[in-house]
Amino acid sequence: MSEGKTIRVCSFCAMDDSVEGIVFDEFGQCSCCRDALARGPHEWWPGPEGRRRTEAMVERLRAAGAGKPYDAMIGLSGGIDSAYLAHIAVRELGLRVLAVHVDGGWNSEPAVRNIESLVRGLDLDLYTYVVEWKEMRDLQVSFLRASVLNQDIPQDHVFFTTLYRTAEKFGIRHFLSGVNYSTESVVAPSFGFPYSDDVHLRGIHRRFGKVGLASYSVMPFYEFLWLTRVRKRLTVHRPLNYLAYNKDGAVDTLRRAYGWRDYGAKHSESRFTKFYQDVYLPRKFGYDKRRLHLSSLIVSGQLSREDALAELRSPPLSPEQARRDIRFVVKKLGLKPAELETLIAAPAVDHRDYPNQMRFIHALHGIKRIVRGIVGISPSDEARR
């Protein structure tokens, strides 16, 4: 963002033009929430249609799990969405699920407690994969040195790679995802970079890394396509989109049933993601990611625009909280405080300045859109398939 630029805030949600690509109409409404509102009828079914979809999903999962120990798999991060989904899947739908947790070395203490209490309370089988810390640390420092926007790629890539390969290992064909429209509908254009681009991940690590990735699980993009698009070995379901999912209601249920502990803002169950959202993004890119989260709640009717803007008037962290989080990250990554400050202050670099497969990925998306248009398949129809 250029210095001295006047910030324009959406007239409907809390998004502003601090992210490139946001467009405002003649009424001052931004393209992000307009797009989210238009997608709503095709992605969120909190009424009778949602109940019908839930029943069909449960029938399909039970048929696939017949004679096997599990009907489906679910990832547990210690966050609200996946925890509430596990509660619904077991307590209300009666499904047999294998819980999978990937420990990348950044679990907050409340998140660990939440996973433990949920596993005990639901009597879940838990499969945990612990990432080799020396490799994880080296990869994350490499991304900081690369000075790119999406610093969560090292975590996200190994998380999802592990989920797909665990499904293969246990012969599970269905995955229940906590991703949902109700709290995550608003997406900023040109924000982030796909975690699935292994060429990009390896390219940055080759440039800045010092430790070989011997055990860190990297999934080549062709394998990702093979498993998800060709063989379709794992079908992803988003059951929270079939419910009148409400974040505050979910937290209340989890507290009463499992002694749920608060870990802070959305995605802050990871100490690194908390630092990334609350310190790195605002200081390096002038962007407050709370705008995405709060705007999604506005779109789904869980929060007023006035309350969202009031929350945004205060910084994500107090100066002391920011210093504490920086001290933790510095110690965890084995950096000197001045070294991390230098990395944050360094000029931002576009992800595309490093090796990547974005032309190929964009081409595939283009082909997919063309095929949809020819055969008349909408995104919601494809999700049902």
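A residue counts as buried under 20% relative accessible area, as exposed over 50%, and as partly exposed in between (1.4 Å probe, protein chains only). By that rule, Trp106 and Phe272 are both buried, and we'll come back to them below.

This is a predicted model, so local features need pLDDT of at least 70 and side-chain atom pairs count only at pLDDT 80 or more, while totals for chains, interfaces and linings use all residues. Numbering starts from 1 along each chain as its sequence is written, and side-chain values use heavy atoms, leaving out hydrogens and water.

**The sheet**
- S1 (residues 72–75) and S4 (residues 174–176) run parallel, joined by two bridges, and Met73 stands opposite Phe175 in S4.

**The aromatic rings**
- There are 14 aromatic pairs, counting Phe, Tyr and Trp (its six-membered ring) with centres within 6.5 Å; planes under 30 degrees apart are stacked, over 60 edge-to-face, and the rest tilted.
- One of them is Trp106 with Phe272, a tilted pair at 5.3 Å centre to centre and 55° between the planes.
- Those two sit 166 residues apart in the chain.
- Ring pairs link Trp106, Trp133, Phe272, Phe275 and Phe328 into a cluster.

**A charge over the rings**
- Lys332 lies over the face of Trp133, 4.7 Å from the ring centre; the rule asks for NZ of Lys or CZ of Arg within 6 Å of the centre and within 35 degrees of the ring normal.
- The charged end of Lys332 also sits over the ring of Trp106, 6.0 Å from its centre.

Terms used:
Two strands pair if DSSP finds at least two bridges between them. Helices (H or I, at least four residues) and strands (E, at least two) are DSSP runs, numbered from the N terminus.
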